[in-house]
Amino acid sequence: MSRVAAVPPKTSSAGRAVTVLSAVGRMDGVMLVAVAALAVIGTLLVWSSTRTWAAGSTGLVKKHILLLMIGSMLGGVVAMVNHRALRAYAPVVYGLTLVGLLLVITPLGTTVNGAHSWIMLGGGFGLQPSEFAKVGLVLMLAMLLAKPAEGTDRPRGADVGIALVISAVTMGLVMLQPDLGTTMVIGVITAGAIVIAGVRKRWIAGLFLAVVGGAVTVWFMDVLEPYQIARFTAFLNPASDPRGVGYNSTQSLIAIGSGQVFGKGLFEGGQTTGRFVPEQHTDFIFTVVGEEFGFLGSVTVVALLGTVLVRGVRIARECGDRFGTLVAGVIVCWLAFQTFVNIGMTIGIMPITGLPLPFVSYGGTATFAHMIAIGLLQAVHMREEHF
């Protein structure tokens, strides 16, 4: 008697829709609302800061909305993937980002604002592989450091060594562009992964000494470009040359201070309309917040960003899987550091490094990377109950 293999029933369209809705229902709604609010605020700020000089009455806002939509779709796709499955593909993702970093230093790369870190696609669109490298590095470090040594809750020494090597390779390729801001973020991602993984203190001490030694070497070996040195000079004493190296810092403080408590109102900022602060739609978008929305608006943006970070910390703490904990925790370190540096450089407590404000600044690849990071956090959160 022949046996016929049972064929599993096909999932209907209605069934797939129910599955998707069920997954959406398990997402961290508070985080999603905070990110959506930041995206809306950012869209208004991009509109205000680009409408007087970009083509068309709406400036770059239509393109910004398109980029947000693409980024949101990427984040949504990532959120639907079981993050434990991503562990197996971490080397592939990291390898692809490494290829992107290598392509940048070939003739395919293009220099923008002093950094040879772009690959132009035409039609006004371009990719910055170093942004995707942050995502690839997060996954790779989490994969390496998630497996503890036998009989301990610490990662194996060999895995820690490999993690430091791949971080150094990534950092080296980014420094060749050179992109100091992204290099700093990669350093924070690495340090965060090492600390969260619970490595021995001697590894942390060694990493700290290596960072200090690297910083000293970079400074005294003339690795930095003249414009990067000028930025540090302006940070230490912006009043020394307010029309030269200190111009950005001085104008940023003027713009933020002029908004006072309630701001001048959307589209009413004189500093913004007059383009006194360069790159107000990207690196210096927080100056538009301060001028047009005032202190209360600035506090609101900071509170929304803080909400995203706090929810990320909660996801990392409640996850029972070491890989998921590392992914979520390191993403929080990345976003927190980038937020602090971006806002800090506009109020004069950090040097200018060219890092965008997550979920608010105009940008393509950076927006994609930030939304993918949110997707990873949601992927970890949705599966916490299964551990």
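Is Val40 buried or exposed? This is a predicted model, in which local features need pLDDT of at least 70 and side-chain atom pairs count only at pLDDT 80 or more, while totals for chains, interfaces and linings use all residues. Residues are numbered from 1 along each chain as its sequence is written, and side-chain values use heavy atoms, with hydrogens and water left out.

Val40 is exposed, since its relative accessible area is 52%, where buried means under 20%, exposed over 50% and partly exposed in between, with a 1.4 Å probe and protein chains only. Val40 belongs to helix H2, residues 29-50, helices being DSSP runs of H or I with at least four residues, numbered from the N terminus. Between the C-alpha atoms of Val40 and Ile65, which are 25 residues apart along the chain, the separation is 9.3 Å.

Helix H2 also packs with helix H14 (residues 365-382), at an angle of about 170° and with axes 11 Å apart; the axes are lines fitted to C-alpha atoms over the stretch in contact, and angles run from 0 to 180 degrees between N-to-C directions. H2 and H14 are therefore roughly antiparallel, a term for angles over 145 degrees. In this pairing, Met31, Leu32 and Val35 of H2 meet Met371, Ile374, Leu377 and Gln378 of H14, contact meaning heavy atoms within 4.5 Å.

Ser252, in helix H10 (residues 247-258), is buried, with a relative accessible area of 0%. Apart from neighbours within four places in sequence, Ser252 is in contact with Val277, Phe284, Thr287 and Thr346.

Definitions and conventions. Helices (H or I, at least four residues) and strands (E, at least two) are DSSP runs, numbered from the N terminus. Angles under 35 degrees count as roughly parallel, over 145 as roughly antiparallel, 65 to 115 as roughly perpendicular and the rest as oblique.
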